[in-house]
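Open the model in your viewer and keep the selection tool ready. Each stop names what to select and what is there.

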Amino acid sequence: MPAFAVIGAQWGDEGKGKVIDFLAGNARIVARYSGGNNAGHTVINDAGTFAFHLVPSGVCWPHTQNIIGNGVVVDPDVLLTEIGDLKRAGLNLKGLAISERAHIVMPYHVQLDILEEKRRGAGALGTTGRGIGPAYIDKVARTGFRMGELLNPEEMAVRLPEIVKHKNEILTKIYGAPPIDAGAILSKVQTWAPRLAPYIKQVEDLVEEALSKGENVILEGAQGALLDIDHGTYPYVTSSSPTVGGALTGSGLSPRAFGGVTGVFKAYCTRVGGGPFPTELTGEVGEHIRTKAKEFGATTGRPRRTGWFDAVAGRYSARVNGFDTIVVTRLDILDGIDPIKVCVAYALDGHRIDRFPLEGGSLERCVPIYEKLESWTKSTYGVTREKDLPAAALAYVRRIEELVGVPVSMISTGPRRHETLVLRDIFGK
Ligand code: IMO
Ligand code: MG
């Protein structure tokens with residue numbers, strides 16, 4: 001009864017959507033377990049080109065049921081727009097199921113996210129401004145609303161005024177912003193409730209049933225390990241747990257249900273938003289990667305910071321998540337770049353370190369120690385067989401494998417579903 005987690009191994013945007021769309025061909029269920037519409041998962045296949053924000057990336061397969069798990073925070077307006085767009089594109093959303101226990105991103109969460117960022121000034125985190133942090137704050141503070149409450153909007157109407165009153169004190173007294181109107185939010189709730197009610201379910205039963213039949217379940221990660229609230233580069237992180245622990249709590253599954261954990265790495269690194277990024281390339285090569293790879297946020301359109309592959313961070317990510325295989329995406333972007341470098345260690349205060357430093361402020365002081373690898377000129381774009389890869393490109397992937405210490409199961413050589421090279425079967429271990 002295997003569940004397989006597919007987890008972002010860097011700072012997000014590793015190509016999880018493409019990888020999950022490919023793997024979902026062999027899965028009964030794809031369940032998102034964390035984050036909200038701060039995610040942007042791009043999927044390109046025969047059905048079209050999509051940027052999913054809340055709907056899981058298995059939705060293009062007719063036999064795959066897609067679930068939004070309890071660990072996700074859901075902005076109902078965004079989800080309804082997404083559902084509408086996908087239906088218009090010809091996808092069948094009937095099987096979509098949302099956990100009763102997923103929290104709701106309310107309009108005031110979005111407002112507070114933006115105001116908090118403004119207040120941070122130069123110390124801004126560079127959040128996506130989608131209300132994600134404030135929604136998770138309310139979840140932990142036990143003042144959130146959950147999707148299941150949309151099934152009983154009258155009960156929500158009882159609790160809402162008190163919470164809005166509290167939010168208004170913050171909005172008006174701390175930020176000097178105009179107050180919000182509980183009535184306006186209630187009428188939103190009333191429009192959400194009938195439209196979303198058909199999707200709100202006890203999703204745990206659906207997953208259990210699939211697992212008991214021996215069917216594959218993919219747990220879809222959002223963001224990346226280095227953005228994890230506990231294990232990431234705090235405070236420049238998101239407010240949820242993209243790592244494997246989040247796959248458990250965010251889906252309600254037992255560790256015994258797990259058949260494997262796969263980490264998705266880009267062949268280089270990117271980061272969007274603030275925070276330390278030791279291998280960042282600020283010159284021509286970084287710009288070349290950004291332009292060629294169209295490294296602009298799928299959610300916010302912001303240019304992404306680009307850099308060399310960081311094997312120190314990669315090893316750390318593999319350790320925190322217990323990856324048993326890794327996927328390397330966007331290999332084709334490195335075609336023709338000469339020289340290619342990989343960070344194998346850091347120099348911290350004059351000493352060489354091989355492990356990712358966890359002490360606050362120390363990553364900022366780390367200087368990457370690079371190894372130069374042979375480059376290749378022949379295109380790897382769309383290659384699907386190992387023997388068609390240039391020898392240097394394969395050697396690059398093998399070196400990443402060695403440095404991270406986890407076998408590579410797949411290489412993505414283009415954004416479309418079929419532009420994938422399988423080295424070993426993730427499900428068949
Ligand atoms: P996917 O699923 C890349 C980043 C933001 C910011 C930080 C906190 O597409 O990989 P938040 O809005 O979450 O409070 O912002 O986290 N971030 C992402 N970066 N990909 C994502 O998701 C991200 N989701 C959040 O840029 O630095
Ligand atoms: Mg993204």
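Helices (H or I, at least four residues) and strands (E, at least two) are DSSP runs, numbered from the N terminus. This is a predicted model, where local features need pLDDT of at least 70, side-chain atom pairs count only at pLDDT 80 or more, and totals for chains, interfaces and linings use all residues. Residues are numbered from 1 along each chain as its sequence is written.

**Stop one: a pocket**

Select Tyr136, Ile229, Ser239, Ser240 and Ser241: of the 20 residues lining the second largest pocket, these lie nearest its centre. A pocket here is an open set of points on a 1 Å grid over the protein atoms alone, where a 1.4 Å probe fits, with protein on both sides within 12 Å along at least five of seven lines; lining residues have an atom within 4 Å of a point. Now show helix 4 (132-141) and helix 8 (244-249), the elements that give two or more residues to this pocket's lining. Helix 4 gives the most, with four residues.

**Stop two: helix 7**

Select residues 203-212. Buried in helix 7 are Val203, Glu204, Val207, Ala210 and Leu211 (buried means under 20% relative accessible area, exposed over 50%, partly exposed in between, with a 1.4 Å probe and protein chains only). Look down the helix 7 axis: the buried residues fall within an arc of 130 degrees, so they line one face. The arc is that of the directions from the helix axis to the C-beta atoms. Next comes glycine 214, which follows helix 7 and has a positive phi, near 80 degrees.

**Stop three: alanine 157**

Alanine 157 sits in helix 5 (residues 153-174). Its relative accessibility is 26%, so alanine 157 counts as partly exposed.

Note on methods:
Chains are lettered from A and ligands numbered from 1 in the order in which they are written. Side-chain values use heavy atoms; hydrogens and water are left out.
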